[in-house]
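I opened my notebook to look around a structure that was new to me. Here is what I looked up, entry by entry.

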Amino acid sequence: MPQLHEIGRLPDPVDNCAIAIRDLAGGTLVHSGDRKFTLSHTVLEGHRFAIQPIPPGAELTSWGQRFGVATRDIAPGEYVMNEGVQVELERRNLDFALPAAPNFDNQITPFQFDAGGFSVAEPLPLHSDMRYFQGYPRAGGRGVGTRNMVVVVGTSSLVAGFARTLAQLTADLAADFPNVDGIVPIAHTEGGHQNPNNRELLLRTLAGFMVHPNVGAVVALDFGSEAVTNADLKQVMIDNDYPLAHVLHRFHSLTTSFDANVAWFKDLLTDWLPRVNQLERSPQPLSALKIALQCGGSDAFSGISGNPLAAWVAKEVIRYGGSANLAETDELIGSESYVLDKIERLELAQDFLGKIERFKERVSWHGQTAEGNPSGGNKFRGLYNIYLKSLGAAAKRHPDVPLHDVIEYSQLMTSGGFYFMDSPGNDLESVAGQVASGCNMIFFVTGNGSITNFPFVPTIKFVTTTARYNLLRSDMDVNAGEYLDGTPLDELGARTLDLTVAVADGQRSVGEKAGHYQVQIWRDWQQTSPANVTLIERRSYSGQPLDIPADVELPSVAAPVYKSERGLTSERIGLIMPTSLCSGQIARMTADTLNAQGLGRAAGLTRFVALVHTEGCGGNVQPEYKDMQIGYLQHPKLRHALLLEHGCEVTHNSYFRGLMAEQNLEPADFGWASIQLDGGIDAVMRKIADWFSRRLQNDSPPARIIAGLEALRIGLLSQTDAPEYVQRDLARLCKIIVAGGGSVVVSDKDSLWGGAFSAELDLPDQPEATLGYGQAAKNAGFHIMSNPRRHWGETLTGIGASGVELILGYVDGYPLAGHPLVPVLQASASAVSAEDLDAVIREGEDSASRLIDLLVATLSGDHIARHQVTGTDDFQVTRGLLGVSF
C-alpha cells in the first residue's frame, strides 16, 4: 500500500487535492496519515485526486488557493475533473475508463482589491560581494550584452520573407569573426495591413529590438509604403529617446533588385563585421543580467518544481542588482493575491489589476474569456483551468521578492528588481515583449517540453519532471524534476545559477545549438469595442462558382501534368504540416533536410514543403484556421502528408484527427509525429524521414498527361491599385481560364473590385463570396474567397488552401514574398525591378495571352517563379475578425 507522499504531491499542506506524480492505476489503495482510501479511476500523471471528503459547494484547493467548487459529493480517492478536462481526455482516445461526469466547476470569486490590506515591502537586500560574467558592454545606457549579433529586422510582415532570406544568405560571413555570434533575422507577422490596432506596441517592440544590448549592429528593412515603415520606427525612437546613436544601424528601403539589395547588404557587412568584432567580452557585474521569466507547455508540476527553481535563480540575480521580468497577464488571473503579496509601492497593485481588467475587456470584445487560455496540452498534463495555471505561473516570483514595477508590453526596464510586464499568454508574443524591454537571458519553464528559442537572446529551458527530461534531454538545459526527486532547492538553484552565468559568458544553450528560433510580436486584434459576436461569426458559403462572360476566343494550350485523385497537378509534394507555431521550425528543418537528401526523387516526388505558421498554440481557434489546414491537407499537389505537433498546443494531433472525422478524411492516410512524445527534435526528424521513406517505397514515377486550360487553377490578387488596362487584361485572363474549364479564385477584399475588372466580368463592385477563407474549391469556375482583411501574406495563404495550382499577383513594381507550396507569379505595369518580376504588363499588348503562356510554362517546368529562385517565401494565417491573443 503506497503512502500518499510516494505517489502524490501537495503544493500546500492544507490542500484537499493531491497531484499524481505518475500514472496511478484505478483501485490503488493509498495510505494517508491514519486514513486509507482507494483511487476511483486511473489517474494520469499531473492530474488531481481528492484526499479529503469534499461536499457540494465546497472549495477544491491547491497551493492553499481555491481552483474550483464541487458540484456533488467528492470522496477521498476520487479523480477530480471539470468539464474542460473531460472533453480533452475523451479526445485523446485513452485506453482506460474516465469518470462518467465532471465533479467540479470553475466558480471562482473575482479578486477584490482592498488598499487597506496591502503593505509596502522593502526591496531585497543586495549581496555584499558582486559576481561577474563575461559580457559585451554597450554605450548610451543600452546595458550589457550576453551575445553580439548582427540583426536584420523586417519592419513589417511584408518584408519578413526577404529579411529571413537575407540573413540566411549572409549567415556564413560571420564565421571569420570570433566575437560576432551570428547574423539573424527578425521576421514577424505585424504591420502589413492598414490601420493596425497594435501599431503603438509594434513600434515600441521594434525600437526595443534595435537598441537591445545583444545587438552589435542592426538593419531595418521596409518598402516605404506599408502601414508601419522605417520612417515611423525612426521617429518613435527619436521621440522617446531610444539610444539609436549608440548602435550601428541602417534604415533601408527595398527599391532596387533582389540581387542589388543582397549585394548592398554584403558590402555593408564588409564594413560592419570587423567593427562589431572589435568589441570583446569583458567582466561585467551580474547586476547587468535581465531575466525573462517565461513558461510554456506547462503542466501540474510547473508550479512545484520548474517555476520555483527559476524564481530561486531570479531572486539571486536580483540580489546582485539585476532584474527579472514576469509576463503573461491572462495567466495570472486567479493568482492576484500572491503576485501582490509584496509590493514596493501601493500604486503597483492598482496598475497590475488595471492591466488584468483591460486584458479581460479586450478579449471579451472578441467573444472570448480568459478561461480559454489553458491549451489542450495544458489540460492533458493536469492544468484544469486558468486558476490552476495561474497559481503555478505566479510561482516564478519567489515569495521573498517584492514587485518593483509594472510596465507596458515591451517598455524598457530601467533598474534592478522584479517587474511585471503586460502581455498575452502566447509564449512567443510574450517573449518578444520581454526581449524588447531589455531582457538578455530567457528562462523558459516547460512541463511538456517546449522547444522555442529567440534569435538573439539565449534561452535556458527548465523541464519540470525527470521522466520528461529523460525523454527530451537533448532539447532541455535543466532538469527541475531533480527537486521532486529529493535534491534540495538551494543546491539545484546554485547549479542553475552557475549555468546561467556560463551561458551569459557565451556557452551556447541547448536551443542555440539546435539552431532554430522564431519571433512573434503581440498580434493585432480586430475589435476595439464590444461587438455583436453572433453577427460577426462566419457564415457558410455555397462553394458554387459564379457565372462570368465567356466572350473570348480560347487558345490551344498543352500542359504536361499529373493526374491525381484530387485533380490535375504539376507537382507531387511531400507536405509536413505543423499543427501549431511551435512545431513550425522543426517542420521546416526536416523538409530542408529531406530535400537536400533528395528523398523520393526516384519515386517521382518533386519536393518537400513545410507550411510554417504562427497559430494553434493557444487562445481561440478560428474557423478560418481550421478550414485552411484541412484545405491544404486535401490539396491536389500533395502526394504524401504528415502532421507534426509540438505536443502541448490547442490544435494537437488528436484535435486534427477529430477535425478530419468531421470532413470525412481518413487519418490513416496521413503521417503523425510529435516533437514531445516522440523524444525530441532529432528523434522526431528521424521518425518523419522513416515514415516518408516507407510511403515512397510503393511509389513509382507516374506518367504525365497533356491537358488544356482545364489544368489552370489559379489564384489572383493585387497588392496595389491596378490601371484600368491591367484590370481589363486580368478580367480577360479569368474569362479564358474559366471558359476553358479551369478555375480562378479572388479575394473579396481585393483592390481589383469596383472598377474595370468588375465591369468586364459583369459582377457587382462587391460580389458575394462563394468560398470561406481557406476553404477548398470543389467545383471548377470563378470563385470569390471571403477574406477578413486585405493583407498580401494572409491572402496568399487563404487562396493557396483552396487548391489552386498557381497564383498570379499584381504588385507595385517590386516583388513581395511568395508561397512555399504554390508558385506565385508576380507581374506589374511599373517595373522597378523587372528582373525580379515574372511578367511586365504593358498597355496595348495582348497581356492575357502572354500570361496564359507564362502560366502554362510554369506548369510545364519551363519557367520557375522568381520567388522560388530567390527563396523569398512567407506563410501567414489570418486571425479572422474574432481572433485574439491569450
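Before anything else I settled one term: I call two parts in contact when heavy atoms lie within 4.5 Å. I also kept in mind that this is a predicted model.

**Entry 1: a sheet with a helix across it**

With that term in hand, I looked at helix H21, residues 681-697, which lies across S25, S26, strand S27 (638-645) and S28. I noted that H21 runs at about 160° to S27.

Next I asked in what order the strands of this open sheet come. I read the order as S26-S25-S27-S28, 4 strands with parallel pairing. The edges are held by strand S26 (607-610) and strand S28 (671-674), each with a single partner strand, so one side of each has no neighbour in the sheet. Neighbouring strands here are turned by 20° against each other on average, direction ignored.

I then picked one pair to follow. Strand S25, residues 573-578, runs parallel to S26 and is joined to it by 4 bridges. Leu-575 has Val-609 as its bridge partner in S26. As a reminder to myself, strands of a sheet pair through backbone hydrogen bonds, either parallel or antiparallel.

**Entry 2: another open sheet**

I moved on to an open sheet of 4 strands in the order S12-S11-S13-S14, and its pairing is parallel. Which strands stand at its edges? I found strand S12 (182-186) and strand S14 (248-253) there; each has a single partner strand, so one side of each is left without a neighbour in the sheet. The twist averages 15° from one strand to the next.

Strand S13, residues 215-222, pairs with S14 in the parallel sense over 6 bridges. Along this pair I saw Ala-220 standing opposite Phe-251 in S14.

Helices pack here as well. Helix H4 (residues 199-210) touches strand S11 (149-154), S12, S13 and S14, and its direction makes about 140° with that of S13. H6 lies across S11, S12, S13 and S14, running at about 175° to S14.

**Entry 3: where H3 meets H6**

The axes of helix H3 (residues 160-170) and helix H6 (residues 258-277) come within 11 Å and cross at roughly 55°. That angle makes H3 oblique to H6. The crossing of the two, H3 and H6, is right-handed.

Which residues make the contact? From H3 I listed Phe-162, Thr-165, Leu-166, Leu-169 and Thr-170. From H6 I listed Phe-258, Asn-261, Val-262, Phe-265, Lys-266 and Leu-269. Sorted by kind, the residues of this contact of H3 with H6 come to 7 nonpolar, 3 polar and 1 charged.

**Entry 4: an enclosed strand**

I wanted to know how many residues of strand S34 (residues 824-828) are buried. I found 5 of the 5 buried, so S34 is largely enclosed by the rest of the structure. Val-824, Gln-826 and Ser-828 point one way from S34, while Leu-825 and Ala-827 point the other way, and all are buried.

Strand S33 (residues 806-810) pairs with S34 in the parallel sense over 4 bridges, and Leu-808 stands opposite Leu-825 in S34. S34 also pairs in the parallel sense with strand S35 (residues 839-840), over 2 bridges. There Ala-827 stands opposite Ala-839 in S35.

**Entry 5: two positive phi values**

Most residues other than glycine have a negative phi. Against that background I noted Asp-241, with phi near 60°, and Ser-410, with phi near 65°.

Are these residues buried or exposed? Asp-241, in the loop between helix H5 (230-239) and S14, is exposed, with a relative accessible area of 65%. Ser-410, in the loop between strand S18 (403-407) and strand S19 (417-421), is buried, with a relative accessible area of 0%.

**Entry 6: a tyrosine to finish**

My last stop was Tyr-483, in helix H14 (residues 481-484). Its relative accessibility is 33%, so Tyr-483 counts as partly exposed. Leaving aside neighbours within four places in sequence, I found Tyr-483 in contact with Ile-304, Ser-305, Pro-488, Leu-489 and Leu-492. Gln-3 is 480 residues away from Tyr-483 along the chain, and their C-alpha atoms are separated by 19 Å.

Note on methods. Residues numbered from 1 in each chain as written. Predicted model: local features only at pLDDT ≥ 70, side-chain atom pairs only at ≥ 80, totals over all residues. Heavy atoms only, no water. Axes fitted to C-alpha atoms, helices over the stretch in contact; angles between N-to-C directions. Parallel < 35°, antiparallel > 145°, perpendicular 65-115°, else oblique. Left-handed = near helix turned anticlockwise from the far one by under 90°. Nonpolar A, V, L, I, M, F, W, Y, C, P; charged D, E, K, R; others polar. Pairing = 2+ DSSP bridges. Buried < 20%, exposed > 50% of the residue type's maximum accessible area, 1.4 Å probe, protein only.
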